[in-house]
Amino acid sequence: MAGGGELKAERSKRGKASKRKKMKRVSYHLDMTPLVDITFLLLTFFMFTTTMATPQVMEMSIPPEVVDQVEVKESELLQLFVRDDNKIFYAIGNEDPQEIELNKIRALSEVENLREGKRNRMITAVKPSNDADYGTIVNILDELNMAEILITAEITKEFDEEGNPKKRERRFTIAQMSEEELEKIKEL
């Protein structure tokens, strides 16, 4: 290459003010108006054309209210009453109610459901008063459910005529307390 010279690195001049005019930086202005217009146009388009999720309604089939009287042997009916002050009473059949503590309900249910002659046929009815605490009723149901563990284990040890283990047939209801029953436990 002919005529080539060496390039020297320019030294920066320190301390002296430069005589050259500083070049103004060229800035540009971006107009955002069309972008905003298109954004809102698209937004309104999708708002008007989109179908929102319609609420889905689940159909419930409720069994018809049964008003038929069911005949039950008194000896196979274990009743648990809950008074307004949350005291718990029990009675078998039409016997007079007796007070029972919550922690003894499990043992009572186990004994009565496994008693000879009533095995697997006992019906348990919980009858709370209108002002009984919900928590007390839940605790009673928990105790009855805990009792089912032993009852089911004992019943499944037995075999039916075909040689299959027997199934537990739990019979349970929450019923309304009659005026007569309410008067009985009020006196206790």
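User: How much space lies in the largest cavity?
Analyst: About 50 Å³. This is a predicted model, where local features need pLDDT of at least 70, side-chain atom pairs count only at pLDDT 80 or more, and totals for chains, interfaces and linings use all residues. Residues are numbered from 1 along each chain as its sequence is written, and side-chain values use heavy atoms, with hydrogens and water left out.

User: How many cavities turn up in the whole structure?
Analyst: The search finds 1 of 30 Å³ or more.

User: Which elements give two or more residues to its lining?
Analyst: Those are α2 (105-114), α3 (134-155) and β5. Helices (H or I, at least four residues) and strands (E, at least two) are DSSP runs, numbered from the N terminus.

User: And the largest pocket, how much space is in that?
Analyst: About 670 Å³. It has 21 lining residues, and the closest to its centre are Gln 69, Val 70, Val 72, Leu 77 and Lys 127.

User: Which element gives the largest share of that lining?
Analyst: That's β5, with 4 residues.

User: How do the pocket's lining residues divide by type?
Analyst: Into 10 nonpolar, 5 polar and 6 charged. Ala, Val, Leu, Ile, Met, Phe, Trp, Tyr, Cys and Pro count as nonpolar, Asp, Glu, Lys and Arg as charged, and the others, Gly among them, as polar.

User: Switching topic: where is Tyr 28?
Analyst: Tyr 28 sits in the segment before α1 (33-49).

User: Is Tyr 28 buried or exposed?
Analyst: Exposed, because its relative accessibility is 75%. Buried means under 20% relative accessible area, exposed over 50%, and partly exposed in between (1.4 Å probe, protein chains only).

User: What about Ser 178, where does that lie?
Analyst: In the loop between β5 and α4 (179-186). Ser 178 has 33% relative accessibility, so it counts as partly exposed. Ser 178 and Asn 94 are 84 residues apart in sequence and 13 Å apart in space, C-alpha to C-alpha.

Definitions and conventions:
On a 1 Å grid over the protein atoms alone, a cavity is a set of points where a 1.4 Å probe fits but cannot get out, and a pocket is an open set with protein on both sides within 12 Å along at least five of seven lines; lining residues have an atom within 4 Å of a point. Grid points are joined across faces, edges and corners, and a volume is the space filled by probe spheres set on the points.
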